[in-house]
Amino acid sequence: MACRIAVAYRAHLASRVIGDRAVVRGCKRLVQTQGRVEEEETAVPQSTEWKPRTGGKKSGRNFIDRMRCTAIGGSGGNGCVSFFRDVFVPRGPADGGDGGSGGDVWLEADSSETSLSCVKQWLKARPGSNGRGKSMHGARGSDITIKVPQGTLVREIPAENKEAQTEALDPGADRSSRFLADLETQMARRTEDKAALFVHYPRWEERNDVRGVRLPAEFKAFRWAMAHAEPLSADLTMHGQRVLVARGGLGGMGNPHFIAADDRQPHYALRGLAGQTRVLDLELKTIADVGLVGMPNAGKSTFLRAVSNAHPKVAAYPFTTLNPYIGTVTYDDAAQVTVADIPGLVPGAHRNIGLGHAFLRHVERSRVLVFVVDVSRPEPWRDLQMLRDELDMYRVGLSARPSLVVCNKADAGDVARRNFEAWRLIAPDLALVPVSAMLGKNIRKATHAMRQMLESEREIR
């Protein structure tokens, strides 16, 4: 009995300090001492609230289709300055090990990812280990692979040109004097940089003269490649496609590499080089066979729920979808077509009014466009013209892709019927399919028309 009271008192104190979760754990601990029957009666159910991957309510929105991050390759490990010592060998040869190279940073397209929220702002690989005595080399740093959604564009943001900035700040300076000053500065900087590349034996920093030491050819090649690297640009469209965004630094070399005729016991070794650093701009453009384009509250999400396995939010009050949704339409012969629900467009979306550019970029990769128009609105053909104009003003020729017009809300009384009949008279060559996405009427005809357009577009390609 005393044990049960003590456990209950500890649970009470934990609830005052930690909160409700401690109450739940304390209740479970208390009832476990009383038996299984009382545990089922007094157990408190825990919360089942789902948290977004970006960190909950503090992080803002869960879906991210554009972000900027910094990729840093792992630094190489330093070489070791060591000498063999034994009972009868007081001054043995150099036996310092080499440092391990740093890890690389990779981006890999994964079909299971749908947002860039899985990417952190700082992507840093593990550094290499330092070399050790007895010719023990350091381990290589482990690589990191970041999963990104298919359709991610990777672009490097180039560093600013410092020479151009100097020219703009002082355009009237004497070029010859500036050239000589820059030459002296570069020579002094090279000497300082070269001295900083070496690690010294204890109390040998002043005695070592590394100005005449020749650097290994692979070190020179690595530094030249890092200084003259081209700006990165990649398009990850296939599952499993990878791109190297930051290369790890080269590991340093131990003192045995610097044995020369005039220096049989070098008291210095080479430091590891820093990894590559790149500032990346990631942009997600959704990849889907069919893209649904329409104005807000036209019924795109309801249509996507009716034709595919996706479940975007729908309600009886007017609102617009904020994130693209992708669904899969499965036909009777097991053929599949992916359909993307693009958030609603408003007039002026090409000028980035509202969230225009954030929505329009997801339409660029769709091979077939399906315009979902509310046929119960007055003159619905004007809505279609507005949508096409917005697409063309965002990117010329975007609305010229194979398209289908889905006249949604065809069950909305006589107004919808009259508008549809008038539309057929105005544009007899336009592919119009009246549907009721809410009631699921005429859905099969719309899906078959989408598939026919896709197959004909593939034959043209």
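Three strands make up an open sheet, arranged in the order S4-S2-S8 with mixed pairing. Here two strands count as paired if DSSP finds at least two bridges between them, and the strands themselves are DSSP runs (E, at least two residues), numbered from the N terminus. At the edges lie strand S4 (144-149) and strand S8 (242-246), each of which pairs on one side only. On average, neighbouring strands of this sheet are turned by 30 degrees against each other, direction ignored; the axes behind that angle are lines fitted to C-alpha atoms.

Before going further, please keep in mind that this is a predicted model, in which local features need pLDDT of at least 70 and side-chain atom pairs count only at pLDDT 80 or more, while totals for chains, interfaces and linings use all residues. Residues are numbered from 1 along each chain as its sequence is written, and side-chain values use heavy atoms, with hydrogens and water left out.

Now look at strand S2 (residues 105-110), which pairs with S8 in the antiparallel sense over four bridges. Along this pairing, Trp106 stands opposite Leu244 in S8. Strands of a sheet pair through backbone hydrogen bonds, either parallel or antiparallel.

Next comes strand S10 (residues 277-284). Six of the eight residues of S10 are buried, where buried means under 20% relative accessible area, exposed means over 50%, and partly exposed lies in between (1.4 Å probe, protein chains only). Strand S1 (residues 66-72) pairs with S10 in the antiparallel sense over seven bridges, and Ile72 has Thr277 in S10 as its bridge partner.

Arg458 is partly exposed, with a relative accessible area of 43%. Leaving aside neighbours within four places in sequence, Arg458 is in contact with Asp289 and Arg367, contact meaning heavy atoms within 4.5 Å. Arg367 is 91 residues away from Arg458 along the chain, and their C-alpha atoms are separated by 9.2 Å.

Finally, step back to the whole chain. It has 11 helices and 16 strands, and 41% of its 461 residues count as buried. Among contacts between residues at least 6 apart in sequence, 74% join residues at least 24 apart. The chain exposes about 27,200 Å², with carbon and sulfur atoms supplying 52% of it; accessible areas come from the Shrake-Rupley method with a 1.4 Å probe.

Conventions:
Axes are lines fitted to C-alpha atoms, for helices over the stretch in contact, and angles run from 0 to 180 degrees between N-to-C directions.
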